[in-house]
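Hi,

Here is the structure I said I would pass on. Have a look at it first, and then read my notes below.

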Amino acid sequence: SWSSSDSVISTDSSGEASEPGGPYRVVLLGASGVGKTAFASIFAGAADSMDSDDCELCGDEVCEKEIEVDGELATIMLLDTWDSEPDNDWTQERYMQTGDAYLLLYSITDRTSFLRASELRITLRRFRPAQHTPIILVGNKCDLVRRREVSVSEGRACAAVFDCKFIETSAAMQHNVWEAFHGIVRQLRLRRDSKEA
Ligand code: GDP
């Protein structure tokens, strides 16, 4: 099922968002089970201005929609294909290179997923070396307080080392998920504005 998203991704060969308001390709990364699908369904579910025709763009792995952030519209194409072909290196490399911005998820209840997020951040830096690609490190499942294995300060420190933003979320409680998407849009706009200047 990679092919469905593949055709969408390759429409923009320049690697840059063509319009000022997007579409921006936002990629969900992270170990299996951290909540990527939950994030994607929150994003897809809150269809404010969408009628059913627009939902042709929404599949299992790709969803494109317009959201309003700070009074300005932005079109986000959210990609959640990371787990679909885990053994295909070529696909993962391509996937690493395909985003305008990345949400790098781990679960606060799973230290292994936190370490995996660090590895992914390093890999990402290898594929996107020169650019200031917006990345937010997302500690998901913060509702599961008694199962916490990764502290807030560890998450924040990791983000500082990797020079990216940090947020804790709960997809289950719908807490901070939209803040994460809005944060990505704000970073994309900052980058756009600094390029125009
Ligand atoms: P993915 O493999 O990264 O796509 O992870 P999923 O979105 O499929 O989530 C894996 C499991 O964790 C599912 O059972 C979700 O319901 C659950 N889950 C996802 N986010 C949260 C969260 O914020 N809190 C809790 N308690 N469970 C979550």
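Before the notes, one term: I call a residue buried if 20 or more other C-beta atoms lie within 10 Å of its own, and exposed if 12 or fewer do. Keep in mind that this is a predicted model.

I'll start with helix α4, which covers residues 111-127. Its 17 residues reach 25 Å from the first C-alpha to the last, close to the 24 Å expected at 1.5 Å a residue. The buried residues in α4 are Ser-113, Phe-114, Arg-116, Ala-117, Leu-120, Arg-121 and Leu-124. They sit on the same side of the helix, because the arc they cover around the axis is only 155°. Thr-112, Glu-119, Ile-122 and Arg-126 are exposed on the other side of α4.

Now the chain as a whole. You'll find six helices and six strands in the protein chain, and from the N terminus on they run α-β-α-β-β-α-β-α-β-α-β-α. Of its 197 residues, 39% are buried. If you take the contacts with a separation of 6 or more, 73% are between residues 24 or more positions apart.

The largest nonpolar core has 46 residues. Which of them touch the most other members? Those are Val-26, Leu-28, Leu-29, Leu-78, Leu-103, Leu-104 and Ile-184. Leaving aside residues up to four places away in sequence, Ile-184 touches Val-26, Ala-101, Leu-103, Pro-134 and Ile-136.

Last, a bit of backbone to check. Most residues other than glycine have a negative phi. Gln-174, however, has a positive phi, near 55°, and Asn-176 has one of about 70°. Where are they? Gln-174 is in the loop between β6 (165-168) and α6 (177-196), and Asn-176 is found in the loop between β6 and α6 too. Gln-174 has 13 C-beta neighbours inside 10 Å, so it counts as partly exposed. Asn-176 has 19 other C-beta atoms within 10 Å and is therefore partly exposed as well.

That's what I have so far.

Cheers

Conventions. Residues numbered from 1 in each chain as written. Predicted model: local features only at pLDDT ≥ 70, side-chain atom pairs only at ≥ 80, totals over all residues. Core = buried A, V, L, I, M, F, W, Y, C linked by C-beta atoms within 7 Å. Contact = placed C-beta atoms within 7 Å. Helix = DSSP H or I, 4+ residues; strand = E, 2+ residues; numbered from the N terminus. Expected span 1.5 Å × (residues − 1). Arc of directions from axis to C-beta.
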